[in-house]
Amino acid sequence: MDNIIKSFTLKPSLSEDLWINNTSEDFDEIKLHGEIRDKLISTTKDFIDSIGLDTLVVEDVIIVGSTANYNWSKYSDIDLHVLIDKDRVSDNELLADEFFTAKKELYNIKHDIKVKGFDVELYPQDVKESVDSDGIYSVLYNKWLKTPTKKSGPESIDKKSIIKKVNDFHKKLDNIKKEVDPEAKILMIDKLKAKIRVYRKSGLTNSGEYGTENLVFKYLRRSGYLEELRDLGLETKDQSLSLENEIY
């Protein structure tokens, strides 16, 4: 547990594996390595193709989160947000969100893409949405939209609160595992996923990237908790749709 919490501390420079001139103070000099940028653009194209909408227009592709900041670590993902206008797909906002969320989850489940050891996670984001990230880099236009600062991190991290909330979420998962009814278990999993999303979103809004809520979310992701929750959902769904053979 301590190793993951220690990974939240700020580094003196950006990741040299991802960024040219990573130690520079001039962000006009700090760019993505060319081969990395090419791979991320190719990944984006593949993701867009998987959605299956010929009319979909990509406004930008951005990196947000820790790999565009000084709090990166070996646990970090490359959070690749694909900016699209969801209104062009449907005037039903809820329907559009559900559609793109399903496409995103399916793509990330089916693919295990790594760049320099970092997992690449795809997110379709509406152009009207704001992003709570201290660093934002445009892969498409190869420039910083928002530069991170070493002064943006906290003087100290509330370790006790993080550990307490993480343990809370583990207890919820343990309770779900004890449920024997597949339909009830699926409902519990969906509610827990929704709770985690709301918890993180409200935390980012109120406390920013270094707030306890977002660090708890990062801990859950880095420790494999979210992957375990996802896999349990898939396994339970398969179980609910299966019918055992009966021997007479």
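In this predicted model, aspartate 79 is buried, and arginine 221 is buried as well. The two residues form a salt bridge in which the closest N and O atoms are 3.4 Å apart. Aspartate 79 belongs to strand E4 and arginine 221 to helix H6 (residues 212–222), so the pair ties together parts that lie 142 residues apart in sequence. Through shared partners, salt bridges also join Asp77, Asp79 and Arg221 into one network.

**The chain as a whole**

The secondary structure of the protein chain consists of seven helices and eight strands. Its radius of gyration is 19 Å, close to the 18 Å that the globule rule gives for 248 residues, so the chain is as compact as a globular protein of that length. Along the principal axes, the C-alpha atoms of the chain fill a box of roughly 75 × 50 × 35 Å.

Of the 248 residues, 41% count as buried. The chain exposes about 14,300 Å², and carbon and sulfur atoms supply 48% of that area. When contacts between residues at least 6 apart in sequence are considered, 71% of them join residues at least 24 apart.

**The sheet and its helices**

An open sheet is formed by six strands, arranged in the order E5-E6-E4-E3-E7-E8 with mixed pairing. Strand E5 (114–115) and strand E8 (143–146) stand at the edges; each has a single partner strand, so one side of each is left without a neighbour in the sheet.

Strand E4 (residues 77–84), which carries aspartate 79, pairs with strand E6 (residues 118–126) in the parallel sense, over eight bridges. Within this part of the sheet, aspartate 77 stands opposite aspartate 119 in E6.

Two helices that pack on the sheet may be described here. Helix H2 (residues 34–51) touches strand E3 (58–64) together with E4, E5 and E6, and its direction makes about 55° with that of E4. Helix H3 (residues 93–110) touches E4 and E6, and its direction makes about 170° with that of E6.

**Salt bridges**

Side chains of opposite charge can pair when their charged atoms come close. A search of the whole structure finds 13 salt bridges. The table gives three of these pairs.

| Salt bridge | Closest N to O distance |
|---|---|
| Aspartate 79 – arginine 221 | 3.4 Å |
| Aspartate 231 – arginine 230 | 3.2 Å |

Aspartate 97, at 27% relative accessibility, counts as partly exposed.

Aspartate 231 forms a salt bridge with arginine 230. Aspartate 231 has a relative accessibility of 35% and therefore counts as partly exposed. Arginine 230 is likewise partly exposed, its relative accessible area being 26%.

Note on methods. Residues numbered from 1 in each chain as written. Predicted model: local features only at pLDDT ≥ 70, side-chain atom pairs only at ≥ 80, totals over all residues. Heavy atoms only, no water. Pairing = 2+ DSSP bridges. Helix = DSSP H or I, 4+ residues; strand = E, 2+ residues; numbered from the N terminus. Contact = heavy atoms within 4.5 Å. Axes fitted to C-alpha atoms, helices over the stretch in contact; angles between N-to-C directions. Salt bridge = Lys/Arg side-chain N within 4 Å of Asp/Glu carboxyl O. Buried < 20%, exposed > 50% of the residue type's maximum accessible area, 1.4 Å probe, protein only. Rg over C-alpha atoms; globule rule 2.2 N^0.38 Å. Areas by Shrake-Rupley, 256 points an atom, 1.4 Å probe, with all protein chains shown as cover.
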